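Here is a friendly tour of one protein model. Take a moment with the sequence and the fold, then read on.

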Amino acid sequence: AHGPRHWWPAESRFEVLVGAVLTQNTAWSNVEKAIGNLKQAGLLSLDGLLGEAPDELAALIRPAGYFNVKAARLGNLCRFLRRHGDIDGLAGLDTALLRQRLLGVNGVGPETADDILLYAFERPVFVIDAYTRRILSRYGLIAGDEPYESLRLGIQEALPEDVALFNEYHALIVHHSKHFCKVKALCPGCPLGRGCKRRMVS
């Protein structure tokens, strides 16, 4: 119904990492503005971000919200990358160890780590977000308050272990949630309406 989404919307793996931090608790349209500011300033690189003063960086990413917090988190992630030989230096780690290392970075939670793993490192790790919980709960497949890991592992067990598949599924879930399965659902015309518990009671 929606067609291929061609995700992640980024020009480089490093941009994926930056976007994964900036998109925390905000809409992607705000992230695009912040990344645009970084590009315009010539700072969208590991050296560029590490060389920028935190307050200057915060001002540039202001459109993404929580800009002081996110500037600090970007700094933590960049220092982590520098210590481990950048993205290429981490690419040789197996997925479980790489995920553990990412989760050890202050400000990188499970969703952010899995965004990075799937879209920057092309690892078969499914990303669980609020959109995923919303759709699955409206279909009666989950209660909606399950632990992150339970949902992630459950979906990974239910689907073939395939990076392209995980990429597309997550991208389609996000797209569908933004256009139909919103907090206040737009049920008319929804291609997933059949079997939806919310639609049945509305």
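## Contacts along the chain

In the protein chain, 60% of the contacts with a separation of 6 or more join residues 24 or more positions apart; a contact here means heavy atoms within 4.5 Å.

This is a predicted model, where local features need pLDDT of at least 70, side-chain atom pairs count only at pLDDT 80 or more, and totals for chains, interfaces and linings use all residues. Residues are numbered from 1 along each chain as its sequence is written, and side-chain values use heavy atoms, leaving out hydrogens and water.

## Helices and overall shape

You will find 12 helices and 0 strands in the protein chain (DSSP runs: H or I of at least four residues for helices, E of at least two for strands, numbered from the N terminus).

Along the principal axes, the C-alpha atoms fill a box of roughly 55 × 35 × 30 Å.

## Burial and cysteines

Buried residues make up 43% of the 202 in the protein chain (buried means under 20% relative accessible area, exposed over 50%, partly exposed in between, with a 1.4 Å probe and protein chains only). Cys78 counts as buried because its relative accessibility is 2%.

The structure holds 0 disulfides, a disulfide being a pair of cysteine sulfur atoms within 2.5 Å. Cys196 is in no disulfide, and the nearest cysteine sulfur, that of Cys187, is 5.8 Å away. With a relative accessible area of 9%, Cys196 is buried.
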